[in-house]
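This report goes through selected side-chain pairs and a nonpolar core. Please look at the sequence and the structure first.

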Amino acid sequence: MKKITEEQIIEAIKNLFLDAGKFLPEDVYCAFENSLKVEESPLGRAVLEQLIENKKIAENDGMALCQDTGFAVVFVEWGTRVIFDGKDLFEAVNEGVRRAYKDGYYRKSIVNDPLFDRKNTGDNTPCLLHFEFVPGENVRIIAAPKGGGSENMSAIKMLRPADGVEGVKRFVIETVEKAGGNPCPPIIVGVGIGGTFEKSAYLAKKALLREIGEHNKDDRYANLERELLTEINKLGIGPMGFGGRVTALAVNIEYYPCHIASLPVAVNIQCHSARHKEVIL
Amino acid sequence: MIKKINTPLSDEIISQLKCGDLVEITGVIFTARDAAHKRLVELIKDGKELPFDIRGAVIYYVGPTPAKPGQVIGSAGPTTSYRMDPYAPVLLEKGLKGMIGKGKRSKEVRDAIVKYKGIYFASTGGAAALLAKHIKSSEIVAYEDLGPEAIRKLYVENFPAIVVNDIYGNDLYEEGVKRYKINE
């Protein structure tokens with residue numbers, strides 16, 4: 001059986017976050033260029049041009065794209081035929097995060113206690129690890145640093161099954177409209193439908209990892225994604241909320257079976273600095 | 001057309017700025033975000049002196065990344081302003097003139113901007129590497145223990161921003177959306 005060492009995990013995590021923080025994914029960059037073709041608002045266009053310029057500066061000078069280098073969210077899909085040769089996987093991932101945020105001169109944005117102490121942990125740990133066993137002999141790791149501004153505009157609601165498609169649409173659009181310019185539009189909207197309370201939120205987060213332009217494999221959900229994107233871009237919020245045509249670059253839906261009594265819907269908003277990077281070990 | 005303005009801000013400069021104006025700011029500005037605001041307002045409540053002269057000052061809502069060797073500052077884009085809404089009116093009353101951030105302000109803040117003749121600018125969130133290029137010097141003036149949330153005195157040159165809330169009660173977020181919203 002294949003073995004993966006603690007040191008391999010640390011190195012992989014470190015490199016993923018170092019890259020993710022500085023290099024904007026190509027699909028996001030292309031979406032900026034395409035947005036320039038349709039954006040009518042002069043302020044909106046000025047914002048898009050700044051974002052393109054910012055991408056180039058970050059790349060050339062090795063600087064963080066955004067000062068909010070985020071909560072270190074990590075997805076690990078671990079093949080059941082792979083052995084972990086080490087003591088503590090969670091600690092190995094944390095060590096990788098620690099090294100990336102130090103070597104990358106990234107901001108440390110995590111406080112130890114949400115309510116009372118709120119003292120900065122100083123190394124951006126702990127990370128947030130989503131771990132899943134999958135069949136096979138590979139380990140897939142995705143690093144997705146998540147900024148606080150867009151995370152704060154996210155929402156979850158337990159709808160009634162009777163609310164149906166219209167209820168879902170209303171909740172997604174309401175959430176985006178209420179967020180306005182706060183989450184740094186143009187945004188990507190991750191929608192998780194079904195499962196339980198926490199599963200819908202997880203699906204919404206996972207939906208953000210999808211490449212822009214790629215749709216759900218189920219045509220009904222793919223059509224709902226397209227319809228929601230059109231509706232959201234009619235809201236007029238525009239780049240940074242200054243008014244315009246391009247409020248969202250994509251709406252991505254993930255779904256899961258759910259209880260006969262339930263229709264959970266979660267909306268996770270991603271700012272335009274949609275950073276993620278993956279590796280297969 | 002871009003309006004060039006210098007800090008500290010006078011009532012005369014502010015009276016010429018209108019919602020939607022593109023500006024370039026040159027001069028000293030101070031950084032402060034959540035934790036620093038909490039401390040500043042506590043000082044005011046206790047009748048104590050603030051760690052910098054707030055009269056005519058501009059506060060930039062930012063928590064930058066650390067500077068690499070040879071850099072003045074790391075990436076430094078604006079953070080969302082509404083979190084500072086509970087504190088901003090008190091600071092405006094004490095003489096604060098300008099705020100740079102992103103996102104909509106509360107009614108209380110918008111009213112205080114009109115009442116105390118202040119101004120609220122937005123810069124492009126996430127354009128943090130680009131905005132850092134306009135920061136020419138940086139020194140910590142208070143609350144070093146807060147790390148990225150410490151209060152820094154920055155000298156900026158031609159720092160790009162947009163007027164959101166002016167003393168005439170206008171709001172760019174409301175007007176912009178109204179102009180581009182498609183109603184069916």
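## A buried aspartate and its partner

B:Asp171 counts as buried, at 3% relative accessibility; buried means under 20% relative accessible area, exposed over 50% and partly exposed in between, with a 1.4 Å probe and protein chains only. B:Arg110 counts as partly exposed at 22%. The two side chains meet in a salt bridge (3.8 Å, N to O), a term for a side-chain nitrogen of Lys or Arg within 4 Å of a carboxyl oxygen of Asp or Glu. B:Arg110 lies in helix H4 of chain B and B:Asp171 in the loop between S7 and H6, so the pair ties together parts that are 61 residues apart in sequence. Helices (H or I, at least four residues) and strands (E, at least two) are DSSP runs, numbered from the N terminus.

The model is predicted: local features need pLDDT of at least 70 and side-chain atom pairs pLDDT 80 or more, while totals for chains, interfaces and linings use all residues. Residues are numbered from 1 along each chain as its sequence is written, chains are lettered from A and ligands numbered from 1 in the order written, and side-chain values use heavy atoms, without hydrogens and water.

## Other salt bridges

A search of the whole structure finds 41 salt bridges over all chains. One of the pairs is B:Lys104 and B:Glu174, at 3.0 Å from N to O. B:Lys104 lies in the loop between strand S4 (98-101) and helix H4 (107-115) and B:Glu174 in helix H6 (residues 172-180) of chain B, so this pair ties together parts that are 70 residues apart in sequence.

In chain A, A:Lys146 is found in strand S5 (residues 139-146). A:Lys146 is buried, with a relative accessible area of 5%, and forms a salt bridge with A:Glu151, the closest N and O atoms being 2.9 Å apart. A:Glu151 counts as partly exposed at 32%.

## The largest nonpolar core

Which residues touch the most other members of the largest nonpolar core? They are A:Phe242, B:Ile25, B:Met99 and B:Phe121, out of 86 residues. Strand S7 (residues 151-165) of chain B gives the most to this core, with eight residues. Such a core is a set of buried Ala, Val, Leu, Ile, Met, Phe, Trp, Tyr and Cys residues joined through side-chain atoms within 4.5 Å.

Beyond four places in sequence, B:Phe121 is in contact (heavy atoms within 4.5 Å) with residues including B:Ile25, B:Met99 and B:Ala161.
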